[in-house]
Structure formats: structure tokens, C-alpha cells
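This note is for a colleague opening the model for the first time. Please read the points with the structure in view.

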Amino acid sequence: ARQLGGNITASVAVVTGLTATFIFASLVIRLRRPVAHLIRNRAYEDRVQHRAVQETLRIFSTLWYLPILLMILVSAVNLVGAGAESQKALQNALLTTVLLVSTLFLSTLLQHLLAPRESDPAQRVRPYKELLRSLAHALLRIAMAVAFIELLGRIWGFSVIDFALSNRLGQAISNSLSSIGLILLVTWLLWVVLDTAIQEALKPAAGRRNARQPSTRVRTILPMLRNAIKVILIVICTITTMANLGINVAPLLAGAGVIGLAIGFGSQQLVQDVITGLFILIEDTISIGDWVVLDSGHAGTVESLTIRTLRLRDGKGFVHSVPFGQIKAVTNQSRQFAYAFFSVQFTYDSDVDASLALIHEVGQSISEDPLLRINLQGPLQVFGVDRMDLNGFVLTAQFRTISGGQYAVSRAFNERLKKRVDQTENVSFAQVYPLPVQAMGA
């Protein structure tokens, strides 16, 4: 300092100190992962027997370098500054560092303690218990954030609570923020409760082999109800939030009513589709997964139902969207049960008893088939000779099957009956012959 002067030596000292801090910071950043691995690396027995300690070490291993980097930053600021104010700033920075690291550690630990547990799939999860846990987690994090902001302000000579209580502007801001926060919290809580109830209604009972599945009516109406509830809650929350911000919502509501009335008069077909769709859903005429035939000529499997349209996928894979207002009559082929009806005509020289025996034999083989009997709801019912005409006599029978199972049963019955008749001499199918054309003379 005597040779070069105080300014030059001070500058060299500051530059050297800053260089050292930057080198140390880069070293800490490069070593953060190896050091974290060393912190949490323990014997397998200790990890299994002391899970709480292991989790604490895991959290600390992810945060260990943050206080060091903050201290390096404070040191760099202290090197640049000077005097009593610099010492005060250094003290505040140290307290801020401790507060920030403590908050991060508590937040990570809180997230681990209140995180959803991985339960056995065979056990029934308690959704409302998880809901209360999530709500407690959110409230604790909000309280932690408020406490962090208040303590940080007090460290630097400012109190948010005093500003909110003593200042008129602070009171207005705090009242508005608290009201909006309460509105958002209540709206979120209502949505989560209702959404959880709907999701639980859509899931079958867990852990039971013969658990009752939710009905197609429930699977059809509940998703639409869920969307309607979401829209209603968003609208109510938006209106109440705007009202708490001091915005006059009366003109908006009046304008929305006028616009809704105009839309109602201008889109009568849309209103008709919506009303018809509501009655169809309430009366459970159509459900998702049903095979339906409409009076308009469309037929297929119901893939989705909205408040206005019906979506069908036909046998060729094409998708048809039909408004509810165009549906006058519906033939639903997927309710409770169906019948596989057989009408077989034999020649007059065929033995009736042998023909009935063949039908009974084929019906018994279908009842014993492990792949086909899952479609049956009863044995074969043979009605006997139904009618006689010029070509022969007709025998009728039927199977009662599950919905949609009549097609496989009918194909199998026809195939097996044809093979059995071909192997029998005194039984043959009738053939329709054209009537002879008589010549007419003059």
C-alpha cells in the first residue's frame, strides 16, 4: 500500500476476492451432485431401518449448495461495499439466506410428509382422506409463504402485516386479496369434492372379483354433469371475483341475459336438440356402448353423447353425428337380453321327429360349448312345427342370449345344423322352386 497507494491495493484486493469467490462458486456448482451422492450414500440396512433419517439426508443433499452460493453472493456484495451500511446489509443478507434455506427445507419436508401414499391396488383408496391431505398441504404452503414474506420484510425493515392493518391502501388491498383468496379456495374445494364424488361413482368397487360395474347410464350422464358443474363454478367464481375487485357486474349480467334470450330465439333448433337430448338421457333411452338403429336410417354403436348430438360408429367404421332433434324413434338392440331365433324349413318327406332331434342335438352342443355358452341365458326352446306351405314344414326355436350375443349363437347354430342335416339321410332342407309358367292359348 505504501509503494502503490491505497486505491490500487484496494482495487487489487477486491478483484482478487471476487475472482476467488467466483472460482469457489464454480467449484461448488460442479461438485453439487457428487457431494449430494456422498451425503445420502449409506448402508442398505440403515436406509431400510431409518427411513426418516434417510429422507432427511435426501432433502439436505438436494439443498446443501444453496446456502453456500448465497454466502458467496453475500461475500461478493460485502467486497464491493464498505462501511457500517455494508455490515448491516451483510447481516440482513445472512438472515435472508438462513430464512430462504429453512423455508425450502420445510417446504420439501412438508411435501414429502403430505404427498399421496402409494397404496395397494387391491385396497380401496379413501378419496376424501387424500382430499383433506391435499387441502392441508395447500393451506400450510400458503401460511408458509405468508410467514416467509413477513419475516423477509421484517429483516429488511418492513412489515407487511403492519402495512395491511394501519394503512388505508393496505387495508383495501388485504381485504380484496383475502376475499379473492377465500373465493378461489371455496370454489376449488367444491370442485374437488364434486369431481371426486363423480370419479368414485364411475369406478367399480376395488378388490372384488365380481364387483358391480357402473351402469352405462351413469357413465353417460356423470361426465356431462361434471362438465356442467365445472362451467357453473368458473362462471360464479369469475363474477364474484370481479365484484370483489370493485367491478359493477350488474350490466354484465343484464347483457348476458339479453344475449342469452336473443340466442334462444335465434337458435330454436339448438334449443330443441338440447331439450330432446336431456329427456333421452334422463329416460335412459340411449347409453354409451349400445347398438341402436335410428328412424333416419343410421345404425351403429354409441360412442359418445353430448348435450346436443349423438355419435354413432357403424359396422364399416364410419362415424355419424346425429342431432337429438332429428331423432323420432330409436331401436335399442343392447338392453338386458336378446333372442337368437331360428326358423328352419324341411321337406315333407323329412322325418319330423328326426328333424326335432337334430335341432335339440345342435342346441345341446351349443349349450356345452365353453366359448358360446357365456352368451346364453337359458336352454334352447323348441316351438315345434310353426307352419306348412307348398315347399315343406317349418320348425322354429330360439335361444335367450345376452345383448349382442345372438349373432355368434345364430351363426354357430346354422353351421352345425347344416353339417348334421348333411349327415342324415331322412332329413333334408326344403328348397323353393319357381312356379311353372303355363302356356295360354287362344
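**Notes on the predicted model**

1. Glutamate 150 and arginine 154 both sit in helix 7 (residues 127-155), 4 residues apart, about one turn of the helix. Helices (H or I, at least four residues) and strands (E, at least two) are DSSP runs, numbered from the N terminus. The side chains of glutamate 150 and arginine 154 form a salt bridge (2.7 Å, N to O); the term stands for a side-chain nitrogen of Lys or Arg within 4 Å of a carboxyl oxygen of Asp or Glu. An α-helix has 3.6 residues a turn, so residues three or four places apart point the same way.

2. The structure is a predicted model, in which local features need pLDDT of at least 70, side-chain atom pairs count only at pLDDT 80 or more, and totals for chains, interfaces and linings use all residues. Residues are numbered from 1 along each chain as its sequence is written, and side-chain values use heavy atoms, with hydrogens and water left out.

3. Buried means under 20% relative accessible area, exposed over 50%, and partly exposed in between (1.4 Å probe, protein chains only).

4. On the chain overall: the protein chain has 14 helices and 8 strands. Of its 442 residues, 27% count as buried. The accessible surface comes to about 29100 Å², of which 63% belongs to carbon and sulfur atoms; such areas come from the Shrake-Rupley method with a 1.4 Å probe, and for residues only the protein chains shown count as cover. Among contacts (heavy atoms within 4.5 Å) between residues at least 6 apart in sequence, 65% join residues at least 24 apart.

5. How many salt bridges does a search of the whole structure find? The search finds 8 salt bridges. Glu303, Arg311 and Arg313 are linked in a network of salt bridges. Side chains of opposite charge can pair when their charged atoms come close.

6. Helix 14 (residues 406-422) has 17 residues, which at 1.5 Å a residue should span 24 Å; its end C-alpha atoms are 24 Å apart, in agreement. The expected span is 1.5 Å times one less than the number of residues in the helix. Buried residues of helix 14 are Gln406, Val409, Ser410, Ala412, Phe413, Leu417 and Val421. Their cover includes strand 6 (337-346), helix 13 (352-368) and strand 8 (393-402).

7. The side chains of arginine 420 and glutamate 361 meet in one (3.1 Å, N to O). This pair links distant parts of the chain, with arginine 420 in helix 14 and glutamate 361 in helix 13, 59 residues apart. Both are partly exposed: arginine 420 has a relative accessible area of 25% and glutamate 361 one of 38%.

8. Aspartate 369 and arginine 416 also meet through their side chains in a salt bridge (2.8 Å, N to O). Aspartate 369 is in the loop between helix 13 and strand 7 (381-388) and arginine 416 is in helix 14, so the pair ties together parts that are 47 residues apart in sequence. Aspartate 369 is buried at 17% relative accessible area, and arginine 416 is partly exposed at 26%.

9. Threonine 347 lies in the loop between strand 6 and helix 13 and is buried, with a relative accessible area of 17%. Its side chain makes a polar contact with the side chain of aspartate 349 (2.4 Å). Another polar contact, of 2.8 Å, joins the side chains of threonine 347 and serine 350. A polar contact is a pair of N or O atoms within 3.5 Å; within protein, one must be able to donate a hydrogen and the other to accept it, and residues adjacent in sequence count only if both atoms are side-chain atoms. Leaving aside neighbours within four places in sequence, threonine 347 is in contact with Asn391, Gly392, Phe393, Ser428, Phe429 and Ala430.

10. Leucine 70 lies in helix 5 (residues 65-80) and is partly exposed, with a relative accessible area of 23%. Beyond its neighbours within four places in sequence, leucine 70 is in contact with Thr97, Leu100 and Val101.
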